[in-house]
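The following paragraphs lead through a structure one region at a time. Please keep the sequence and the three-dimensional view at hand while reading.

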Amino acid sequence: MEKIWTWVIVISLYLIITFLFWRLTKGHFKKEYGEKMWKLWGTKTFYWQGTLLISGGLTIIVIFLLKWASVWTF
């Protein structure tokens, strides 16, 4: 049962970080590429690849910081 809660917390943390990163960067990249280029699938694909990779990395960093601080054990 403990493993299930660990996975629920990790997935929730990943989704929260992804959402926050998306909210903070979407406007910047949309303005940077322009409205016409933003509608192309290639531009959005690279944006979402980067967003998901960065969110995954930040999630791993947060998890290991919590483990290092002895806040969360798994």
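Gly56 has a relative accessibility of 18%, and it is classed as buried because this value is under the 20% cut-off. The model in which this residue is seen is a predicted one. Gly56 belongs to helix α3. Its C-alpha atom lies 10.0 Å from that of Ile11, although 45 residues separate Gly56 and Ile11 along the chain.

Two threonines of the helix may be considered next. Helix α3 covers residues 41–68, and Thr51 is found within it. The relative accessible area of Thr51 is 0%, so this residue is buried. What does Thr51 contact once its neighbours within four places in sequence are left aside? The partners are Thr18 and Phe21.

Thr59 is likewise placed in helix α3. With a relative accessibility of 4%, Thr59 counts as buried. Leaving aside neighbours within four places in sequence, Thr59 is in contact with Val10, Leu13, Tyr14 and Ile17.

Is Leu58 buried or partly exposed? At 37% relative accessibility, Leu58 is partly exposed, because the value falls between the 20% and 50% limits. Leu58 takes part in a nonpolar surface patch, together with Ile54, Ile61, Leu65 and Trp68. The area of this patch is about 550 Å².

The segment after α3 contains Ser70. At 58% relative accessibility, Ser70 counts as exposed, because this value is over 50%. The backbone of Ser70 deserves attention as well: its phi is positive, at about 60°, although the residue is not a glycine. As a general rule, most residues other than glycine have a negative phi.

Attention now turns to empty space. A probe the size of a water molecule, rolled over the atoms, shows where such space is left. In this model the largest pocket holds about 160 Å³ of space. Which residues line the largest pocket? The lining consists of Glu2, Lys3, Thr6, Trp7, Val10, Ile63, Trp72 and Phe74. Helix α1, which spans residues 2–33, supplies the largest share of this lining, with 5 residues.

One of the lining residues is Trp7, whose place is in helix α1. The relative accessible area of Trp7 is 56%, so Trp7 is exposed.

Methods
Residues are numbered from 1 along each chain as its sequence is written. This is a predicted model: local features need pLDDT of at least 70, side-chain atom pairs count only at pLDDT 80 or more; totals for chains, interfaces and linings use all residues. Side-chain values use heavy atoms; hydrogens and water are left out. Helices (H or I, at least four residues) and strands (E, at least two) are DSSP runs, numbered from the N terminus. Buried means under 20% relative accessible area, exposed over 50%, partly exposed in between (1.4 Å probe, protein chains only). Contact means heavy atoms within 4.5 Å. Patches are made of residues with over 30% relative accessible area and no salt bridge: like charges are joined within 9 Å, nonpolar side chains (Val, Leu, Ile, Met, Phe, Trp, Tyr) within 5 Å. Accessible areas come from the Shrake-Rupley method with a 1.4 Å probe; for residues, only the protein chains shown count as cover. A salt bridge is a side-chain nitrogen of Lys or Arg within 4 Å of a carboxyl oxygen of Asp or Glu. On a 1 Å grid over the protein atoms alone, a cavity is a set of points where a 1.4 Å probe fits but cannot get out, and a pocket is an open set with protein on both sides within 12 Å along at least five of seven lines; lining residues have an atom within 4 Å of a point. Grid points are joined across faces, edges and corners, and a volume is the space filled by probe spheres set on the points.
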